[in-house]
Amino acid sequence: MIRKYRKYWKTTKRMNNKNELNFIKGGRSFYTTIILCLLVFFIAVAVLIAAFNSLMLSHDEKLSNEICNLVSEKMNSAILFMTDSVNNVSSVLSAQDFDSPEEIYDVLKTYKKGNIVSVGFIDEEDKMYLSETEAMEFEKWNLLDTAKKADPVSISFPYRSTKLGQPVISFFAKFDYGDSKHGYMFMTYLFSTLQDVAETDSLSNEIEIWLMDAKSANIIQCVGYDSHASGSWANAYLAMSNIDSTDKDSYDEWYAKMLNGEPSATVSYGINGTYYSQCCSAIEYMQGWYVVVRIPGNALSATMSTFRNYVLRFLVVLLGVVIILISLLYISGKRENNILSQLSINDPLTGVLNRRAFDLAADKMLDETKESAFMFFDIDYFKQVNDTFGHDTGDKLLKEFSGILKKYFAETGLVSRFGGDEFVVLTKTESVETLNDKLKQITEDVHSIRLDSDSKADSGDFMISFSAGVAAYPKHADSIEELQKCADIALYTVKESGRNAYLWYSPAYMKKPV
């Protein structure tokens with residue numbers, strides 16, 4: 001029997017065994033399978049939810065603190081970048097030989113671009129080279145005192161620009177000019193520059209970032225859930241007046257660390273049922289000022305919950321697909337079982353596939369192969385063998401002939417007894433030449449068959465031969481029925497031409513027997 005497809009047919013026959021693939025056959029085992037699938041699914045969902053909840057509870061605080069620290073570092077880096085920029089400009093200008101302070105101011109004005117909204121110069125005698133509006137702001141916010149703290153750089157607290165109506169922040173750098181004279185240059189940035197640095201796509205509606213003066217406890221908001229409040233001032237003590245009483249001491253300890261000048265500190269507390277993680281990080285050149293980041297613990301939980309919900313939806317869809325596939329397998333398997341239960345797979349005499357089994361297997365094989373060949377074989381003058389030598393000899397001839405076909409096609413295709421002395425083969429083809437070589441070998445093997453008969457007739461002088469028609473898939477036809485018709489036409493042409501040959505089908509019927 002053909003090795004490759006014999007395994008398939010044996011497996012199909014075992015489908016009738018109650019211990020093999022019971023769920024496909026339907027009945028109680030089918031519904032039991034569905035129930036088991038649902039049970040496993042709900043258990044898996046329960047375990048998944050429990051695991052997610054445990055993960056969220058155990059990691060919310062830790063992850064929140066890590067995010068706080070990262071954002072603090074990001075803000076600090078931005079401030080340090082601005083500080084270094086001002087200091088570098090000061091160093092470059094100090095290295096140049098200017099004739100007058102006015103010339104210095106003219107050069108400085110060339111740096112006024114982008115987020116730098118104003119620049120200026122203060123000479124050794126505290127004379128300021130800047131616009132009239134900027135001079136008014138210097139007086140209003142005592143910025144000259146901030147400038148004199150530069151060693152080599154100082155930073156003002158954020159203040160609202162009269163001209164722009166927006167919060168700004170000024171950076172001062174000590175400046176040497178002329179003959180050992182000392183002055184100060186400054187650059188003023190929009191405070192929104194720091195706000196843009198603090199913005200984050202993730203948790204954008206949850207995270208809050210402030211700048212805080214430890215001494216006064218005043219805070220200015222950079223980022224928060226209320227975008228309209230960005231740049232506004234508040235007092236940390238008033239903002240925290242409703243903190244949970246159990247967390248008040250922890251918050252006071254955190255604030256005391258800021259007052260003592262510690263570079264960073266973290267605290268966790270609750271307000272009206274919401275749990276927060278809050279950290280601060282000192283700003284190097286803004287003495288007493290800190291970047292403060294606050295994030296509610298449930299913000300990360302909400303993000304993970306969204307992911308969990310996507311996973312659950314995927315599992316629901318997957319369950320639906322599994323149930324549909326099981327149902328389709330059940331319907332298809334039941335239909336095929338009904339067909340196969342009526343089939344005797346093998347021809348009882350030759351052991352090859354019978355006609356009905358071949359038709360079913362051939363359809364499957366065509367679906368799985370790109371190129372195949374269908375061959376229709378007919379043993380020449382088989383009736384004469386039966387009449388002359390007897391039916392036992394005829395049966396032996398059929399067995400030998402089918403054995404030769406299996407010898408050449410068992411590994412690559414299907415062999416079937418179509419009826420009487422007719423056989424069909426469906427095989428994968430590498431090339432026409434390869435198949436022709438096999439057919440030539442089959443011709444020689446068939447010619448070498450010697451009939452062993454008890455009949456008085458001399459079997460030694462009787463040469464066995466065959467006629468065959470061949471059709472190619474999909475070149476000549478794309479279904480097993482049409483392939484059979486094409487091969488039958490070629491076979492008929494061979495018989496009309498004298499038999500003992502094989503012929504490939506041609507629509508023009510021009511090819512002659514080989």
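The largest nonpolar core in this predicted model has 40 residues, and Met-185, Ile-209 and Leu-211 have the most contacts inside it. A nonpolar core here is a set of buried Ala, Val, Leu, Ile, Met, Phe, Trp, Tyr and Cys residues joined through side-chain atoms within 4.5 Å; buried means under 20% relative accessible area, exposed over 50% and partly exposed in between, with a 1.4 Å probe and protein chains only. Helix H2 (residues 28–94) gives this core its largest share, 8 residues. Helices (H or I, at least four residues) and strands (E, at least two) are DSSP runs numbered from the N terminus. There's also a second, separate core of 32 residues, with Ile-379, Phe-382, Phe-409 and Ile-442 among them. In soluble globular proteins, nonpolar side chains tend to be buried together.

A quick word on ground rules: residues are numbered from 1 along each chain as its sequence is written. Local features need pLDDT of at least 70 and side-chain atom pairs count only at pLDDT 80 or more, while totals for chains, interfaces and linings use all residues, and side-chain values use heavy atoms, leaving out hydrogens and water.

Now for the charges. The structure holds 9 salt bridges, each a side-chain nitrogen of Lys or Arg within 4 Å of a carboxyl oxygen of Asp or Glu. Take Arg-294 and Glu-208, whose side chains meet at 2.8 Å, N to O. Arg-294 sits in strand S12 (residues 289–296) and Glu-208 in strand S7 (residues 208–213), so this pair ties together parts 86 residues apart in sequence. Arg-294 is buried at 9% relative accessibility, and Glu-208 is buried at 6%.

Lys-248 and Asp-252 make another salt bridge, at 3.1 Å, N to O. Both lie in helix H8 (residues 248–259), 4 residues apart, or about one turn of the helix. Lys-248 is partly exposed at 32%, and Asp-252 is partly exposed at 28%.

Then there's Asp-378 with Lys-495, where the closest N and O atoms are 2.3 Å apart. This pair links distant parts of the chain, 117 residues apart: Asp-378 in strand S13 (residues 372–379) and Lys-495 in helix H14. Asp-378 is buried at 6%, whereas Lys-495 is partly exposed at 28%.

Helix H14 (residues 480–496) also meets helix H10 (residues 355–368): their axes come within 10 Å and cross at roughly 110°. Axes are lines fitted to C-alpha atoms, for helices over the stretch in contact, with angles from 0 to 180 degrees between N-to-C directions. That makes H10 roughly perpendicular to H14, a label for angles of 65 to 115 degrees.

Terms used:
Parallel < 35°, antiparallel > 145°, perpendicular 65-115°, else oblique.
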